[in-house]
Amino acid sequence: MNKERLERYSLTGPENQAAVAAGLATGDWFRSAVPRKRMKELMRRSDYPAIRDTVIWLGLMGLFAGLGIAFWGSWRAVPFFLAYGLLYGSTSDSRWHEAGHGTAFRTRWIDQGLYQLASFMIMRDPTTWRWSHTRHHTDTLILGRDPEIAVMRPARLARLLVNVVGLIDVPLAFALMFRHAAGRLTADEADYVPATERHKVYRTARIDLAIYAVTIGLAVGFRTWLPVVLIGGPRLYGALLLYFYSFTQHAGMGENVLDYRLNTRTVKMCRLNRFLYWNMNYHVEHHMFPMVPYYRLPDLHEEVKHDLAPAYPSIWAAYKEIIPAVLRQLRDQEYYVRRELPPGAAPYYQPAAVNDGRALPLAVPSAALWLRGSRPAG
Amino acid sequence: MASWIAACGVNDVDPEDVIPFSHDGVDYAIYRSPDDEYYATDGHCTHEKTLLCDGLVMGRVIECPKHNGRFDYVSGKALGAPVLEDVRTYPVTVADGTVFIEVG
């Protein structure tokens with residue numbers, strides 16, 4: 001039963017065509033009404049906030065790395081490398097995300113430069129993940145369509161737990177690098193990466209592998225772990241915050257819906273966490289209006305909050321809901337968190353019965369069944 | 001057969017902005033550049049048919065509101081992933097305070 005349910009997440013299985021047939025793929029999603037004049041103000045780009053934040057971010061990494069190197073060989077180096085590792089292996093995710101949307105900076109080349117750097121740090125191919133994230137925004141938590149569903153029903157708990165130190169993601173990233181360097185994509189990637197874009201994937205993989213080969217060569221040649229601790233290693237020992245933040249986005253929420261309020265959370269965070277996460281905690285707002293740069297998301301929240309369930313007051317408050325929900329989904333895969341909207345809010349957008357969040361089985365097109373090897377009766 | 005259609009008044013669209021226009025069931029986007037020139041393209045992004053009129057105009061670039069794909073709205077050229085196909089442009093002229101586009 002669980003295995004069958006998990007198979008529904010495959011982009012190459014029958015669920016993909018079923019979602020298309022049910023009108024779930026590339027559907028029309030609910031968005032709060034924001035006057036055009038105000039939306040233009042919110043969408044407006046500026047280089048200053050992101051350059052300031054990026055200089056601080058890179059400066060802190062340089063500082064912590066420098067102190068770690070200075071104390072190398074002593075336990076005093078550990079806290080500095082932990083801080084460096086968290087900045088490298090966790091917060092590169094939000095930089096990757098914002099720069100990938102192209103919203104962080106007004107100047108395009110700075111944005112793309114950060115995107116390439118952050119993609120390398122987080123070990124994501126910049127091309128395949130750009131298309132993966134594009135699909136995630138088109139078909140957010142639509143089974144068989146969204147390649148970025150982090151917590152499935154039932155959750156693969158062992159994988160999630162060992163992955164907080166990158167033990168799934170990093171080996172997978174290297175396997176993909178070798179595959180891409182050989183000029184091949186996975187079947188899922190082939191579903192969303194256009195043929196004209198694939199040469200970029202292969203080229204980047206070869207460059208990345210060369211960088212890691214030099215890093216390992218230096219480590220072996222000089223008989224020290226230091227190069228690996230500085231490059232690549234932080235994606236393992238510094239990954240904790242990546243998942244700590246990102247599970248708050250969608251875990252335990254509705255699937256196969258067309259209203260971001262049913263499948264996404266907005267969580268209030270302190271100033272430090274919002275700096276580290278680049279305001280991605282305003283995630284409902286981001287999905288509704290991905291054009292709005294991270295530094296205007298708090299303002300956007302004020303514009304649309306009348307339509308949203310109250311934001312979770314803290315990360316702790318979010319996890320008090322997420323953990324029981326995910327555990328309950330281990331035995332009840334139709335369960336999902338459905339929140340009360342405030343009085344006066346636009347009602348949940350559920351154009352069809354399949355959009356209620358439970359992700360009940362869809363009618364699978366006969367061609368898809370045939371491909372799976374189970375011909376329909378009659 | 002091509003014909004000129006009145007799309008909007010010159011002041012209906014702000015500088016460095018875009019508005020929608022529909023004619024015969026077809027959606028168009030009408031642009032006013034920062035230097036007060038007018039342009040027109042198909043109304044939808046070539047990537048996933050999102051209406052471009054909800055997007056952001058920056059100089060001579062329109063950014064799609066759904067996935068941030070960018071076009072040069074003067075030439076129609078797609079400026080990179082996720083838009084890979086150019087958007088169609090239409091000739092525009094202004095006469096007596098009205099913006100006309102040539103369709104068909």
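In strand S10 of chain B, B:Val99 is the bridge partner of B:Cys8. This model is predicted: local features need pLDDT of at least 70, side-chain atom pairs count only at pLDDT 80 or more, and totals for chains, interfaces and linings use all residues. Residues are numbered from 1 along each chain as its sequence is written, while chains are lettered from A and ligands numbered from 1 in the order in which they are written.

Strands are DSSP runs of E of at least two residues, helices are runs of H or I of at least four, and both are numbered from the N terminus; two strands pair if DSSP finds at least two bridges between them. S10(B) is also joined to strand S9 (residues 92-95) of chain B by four bridges, again antiparallel. Here B:Val94 stands opposite B:Val99. S9(B) and S10(B) form a hairpin with two residues between the strands, in which B:Asp96 has a positive phi near 50 degrees.

Elsewhere in chain B, strand S3 (residues 26-32) has five of its seven residues buried, so it is largely enclosed by the rest of the structure. A residue is buried if 20 or more other C-beta atoms lie within 10 Å of its own, exposed if 12 or fewer, and partly exposed in between, with C-beta atoms placed from the backbone. Strand S2 (residues 17-23) runs antiparallel to S3(B) and pairs with it over seven bridges; B:Pro20 is opposite B:Ala29. The two strands form a hairpin with two residues between them, and B:Asp24 in the turn has a positive phi of about 55 degrees. S3(B) also pairs with strand S4 (residues 38-42) in the antiparallel sense, over five bridges, with B:Arg32 opposite B:Tyr38. That hairpin has five residues between its strands, and B:Asp36 in the turn shows a positive phi of about 65 degrees.

A separate topic is the open sheet of three strands in chain B, whose order is S5-S6-S7 with antiparallel pairing. Its edge strands, S5 (56-58) and S7 (70-72), each pair on one side only. Within it, S5(B) pairs with strand S6 (residues 61-63) over three bridges, and B:Met58 has B:Val61 as its bridge partner.

The packing of side chains comes next. In soluble globular proteins, nonpolar side chains tend to be buried together. Beyond four places in sequence, B:Ile30 is in contact with residues including B:Ala7, B:Cys8, B:Val18, B:Ala40 and B:Val99, where contact requires C-beta atoms, placed from the backbone, to lie within 7 Å.

The contact between the chains takes 13 residues from chain B and 17 residues from chain A. On the side of chain B, these are six nonpolar, three polar and four charged residues; Ala, Val, Leu, Ile, Met, Phe, Trp, Tyr, Cys and Pro count as nonpolar, Asp, Glu, Lys and Arg as charged, and the others, Gly among them, as polar.

Chain A itself has 21 helices and zero strands. Of its 378 residues, 44% count as buried.

Note on methods
Two residues are in contact if their C-beta atoms, placed from the backbone, lie within 7 Å.
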